[in-house]
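Welcome to this short tour of a protein model.

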Amino acid sequence: GSGQTSLQWHVLLLMFVATSCFVIVDEGSSASGSASGGVPLVAMMCVLLKVAVSCYCAVLSEKYLKVFSDMPLPAKISGLATTWAMMSFVFCRFEPEVRKNGFFANWDSMT
């Protein structure tokens with residue numbers, strides 16, 4: 001089938017919790033040396049949302065890779081990469097700095 005097994009959901013939940021804990025502990029240790037006293041709750045919620053969305057997108061990617069199991073792997077990877085590139089350009093279009101200065105404004109010989 002093209003669904004996720006119970007084990008896969010448990011592993012995904014465990015990865016979500018582990019990643020979230022790592023980020024929270026890492027932020028706590030880096031903030032301990034500063035005068036601010038900690039990480040704002042909004043920032044922590046954004047981190048948790050980012051991890052949740054990341055995990056959800058991984059599940060969706062695997063679901064659609066399973067649906068197109070008759071396609072060769074390079075074709076699937078090419079389809080994903082093309083979609084990622086197109087969406088990156090769409091998001092760049094709405095970035096104020098890119099609209100003002102142009103896409104290649106901060107590029108140099110090292111880019």
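Helices (H or I, at least four residues) and strands (E, at least two) are DSSP runs, numbered from the N terminus. This is a predicted model, in which local features need pLDDT of at least 70 and side-chain atom pairs count only at pLDDT 80 or more, while totals for chains, interfaces and linings use all residues. Residues are numbered from 1 along each chain as its sequence is written, and side-chain values use heavy atoms, with hydrogens and water left out.

**The largest pocket**

- A pocket is an open set of points on a 1 Å grid over the protein atoms alone, where a 1.4 Å probe fits, with protein on both sides within 12 Å along at least five of seven lines; lining residues have an atom within 4 Å of a point.
- The largest pocket has a volume of about 290 Å³, where volume is the space filled by probe spheres set on the points, and points are joined across faces, edges and corners.
- Its lining has 13 residues, and L60, S61, Y64, L65 and L80 are the closest to the pocket centre.
- Which helix gives the largest share of the lining? That is α3, with six residues.
- Both α2 (41-67) and α3 (73-93) supply at least two lining residues.
- Sorted by class, the lining holds nine nonpolar, three polar and one charged residues. Here Ala, Val, Leu, Ile, Met, Phe, Trp, Tyr, Cys and Pro count as nonpolar, Asp, Glu, Lys and Arg as charged, and the others, Gly among them, as polar.

**Cysteines**

- A disulfide is a covalent bond between the sulfur atoms of two cysteines; the search counts a pair of cysteine sulfur atoms within 2.5 Å.
- Zero disulfides turn up in the whole structure.
- C21 is partly exposed, at 42% relative accessibility, and C46 is partly exposed at 48% (buried means under 20% relative accessible area, exposed over 50%, partly exposed in between, with a 1.4 Å probe and protein chains only).

**Aromatic rings**

- Rings of Phe, Tyr and Trp (its six-membered ring) pair if their centres lie within 6.5 Å; planes under 30 degrees apart count as stacked, over 60 as edge-to-face and the rest as tilted.
- There are four aromatic pairs in the structure. One of them is the tilted pair of F89 and F103, at 5.7 Å centre to centre with 50° between the planes.
- Because F89 lies in helix α3 and F103 in the segment after α4 (96-101), this pair ties together parts 14 residues apart in sequence.
- F89 is exposed at 55%, whereas F103 is partly exposed at 35%.
- F104 and W107 have ring centres 4.8 Å apart and planes at 85°, so their pair is edge-to-face.
- Ring pairs link F89, F103, F104 and W107 into a cluster.
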